[in-house]
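Visitor: I have a model open and would like to learn how to read it. Could we start with charged pairs and then move on to helices and cores?

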Amino acid sequence: MAKGEGADHRFGLVNREAWWEDPPRGGKRGAGPDKVRWPIFSIVFTLPYLIPVTKRLLAADHVTPGLIGLWALVYGYALSYALFPLAFDRPRPVRFAYGAGMLTLGLTLVAVVHASPFVLLYGTAAMVFLVPPAWVVILDGSALVLGAGILLLAGRFGNDYGDLITVGSVTLAMFFMSSLIRAIRRLELANEEIATLAVTNERQRVARDLHDLLGHSLTTITVKAGLARRVLESSGDIPRAVEEIREVESLTRSALSDVRATVSEYREVSLSAELVGARAALRAAEIDADLPHAVDNVRPEFQNTFGYVLREAVTNVLRHSGAKQVRVRLGGNWLEIEDDGTATEVVPGNGMRGLTERLAAVGGTLRTSVRSGGGLTVRAEIPLPEPSPATPAVRAEPAGGLA
């Protein structure tokens, strides 16, 4: 279905594909009759046809092979009507053959047993559920025309044409009823698909958030634990080592709280808090940090997204860059992180792909490039909304400063 199409184009009979499409199959609720209860109901439905025909056959004086064949024809037609739901989930050729066979049996009964043309209704009704709508019109319409021809040749048209009109009217009503049932079934299948996609999207969200959260937190914890170990090994400065371990404990508690909030989708990232965390992590890794002192010049609606960008970029610096200095700049609708590491090419990972998805969700872009002297520049930018004519434009200056 094209993006701009309405639901009626998918579920109604308003295009060529809908007319030639097979009935929906599978699932707990199919578009056809119930296979267990239907045979019982069919006995009640076929009694108006079986009672008069059976009386006529019982009135015969002698049992002949022809009479036995008529009995088989009469009750074979009733049996095929009772069992036709079994053909519903079969391949298309089987369904076509079954439906065409029922129509043929009905026409034969009209011609040979002189049954009322009303018996055609059982075949036309079955065909409504077995084949695409276009074939229903073709086959059921042909059966009604042939039935009219049989009545004309037998001289019965004047007496029985009313029954033929009734068959056509009831078949038309069932045609629209089956179309409604098929539309409902397609809606159920669409809802199942939507539910599956919702679960998949939620899993992707949790995976992305946990990657962003734990990647940064565990990296910072590793750096600070390593710093505490080096302090103890080199200088034995116990107070400083204890302070670093306290920060590790605090980071661990914060990460645990963030994990719980992320799973519940209640967690919000603060750009200012991420700046504080980035400053502490970079300092522990002995990396000079040129970071902004404030985020006031960044539009409030962009700060959450930029917080994720800053977190992931700083995590990558700590893990992979080998940098000695990191520089962060902020604008009203952009964020730029630059390091002087050893990277000579851009290697996208799960984190960067996750950030690209976050920015794309708000119409933004993420660009990563290699600096001429080595290292990477990561720039995230989100287009500004269209300004109101009554609102004067305000120029946002970059924020900076040495941490």
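Guide: Gladly. Bear in mind that this is a predicted model. Counting its salt bridges gives 11.

Visitor: What is the general idea behind such a pair?

Guide: Side chains of opposite charge can pair when their charged atoms come close. Here, arginine 156 and aspartate 160 form a salt bridge with an N to O distance of 3.2 Å.

Visitor: Are arginine 156 and aspartate 160 buried or exposed?

Guide: Both arginine 156 and aspartate 160 are buried. Now compare another pair: the side chains of arginine 367 and glutamate 381 meet at 3.9 Å, N to O. Arginine 367 belongs to strand E4 and glutamate 381 to strand E5, so this bridge ties together parts that are 14 residues apart in sequence.

Visitor: Let's turn to helices. How does the end-to-end distance of H5 agree with its number of residues?

Guide: H5 has 22 residues, so at 1.5 Å a residue it should span 32 Å; the end C-alpha atoms are 31 Å apart, which agrees. After H5 comes histidine 114, with a positive phi near 60°.

Visitor: Which residues of H5 are buried, and what covers them?

Guide: The buried ones include Phe96, Met102, Leu103, Leu109 and Val113. Their cover includes H3, H4, H6 and H7. For one example, take leucine 109: beyond its neighbours within four places in sequence, it is in contact with Tyr49, Leu73, Val74, Tyr77, His114, Ala115 and Val119.

Visitor: Where does leucine 109 stand in the largest nonpolar core?

Guide: That core has 41 residues, and Leu109 is one of those that touch the most other members, along with Tyr49, Val53, Val74, Tyr77, Phe84 and Val119. Helices H3, H4, H5, H6, H7 and H8 each give two or more residues to this core. H6 gives the most, with 9 residues. Another core, of 32 residues, lies apart from it and has Phe302 and Leu318 among its members.

Visitor: Which nonpolar residues form a patch on the surface?

Guide: Ile40, Phe41, Val44 and Phe45 do, with about 410 Å² of accessible area together. Phenylalanine 45 lies in helix H3 and counts as partly exposed, at 41% relative accessibility.

Methods:
Residues numbered from 1 in each chain as written. Predicted model: local features only at pLDDT ≥ 70, side-chain atom pairs only at ≥ 80, totals over all residues. Heavy atoms only, no water. Core = buried A, V, L, I, M, F, W, Y, C linked by side-chain atoms within 4.5 Å. Buried < 20%, exposed > 50% of the residue type's maximum accessible area, 1.4 Å probe, protein only. Helix = DSSP H or I, 4+ residues; strand = E, 2+ residues; numbered from the N terminus. Contact = heavy atoms within 4.5 Å. Patch = residues over 30% accessible without salt bridge, like charges linked within 9 Å, V, L, I, M, F, W, Y side chains within 5 Å. Areas by Shrake-Rupley, 256 points an atom, 1.4 Å probe, with all protein chains shown as cover. Salt bridge = Lys/Arg side-chain N within 4 Å of Asp/Glu carboxyl O. Expected span 1.5 Å × (residues − 1).
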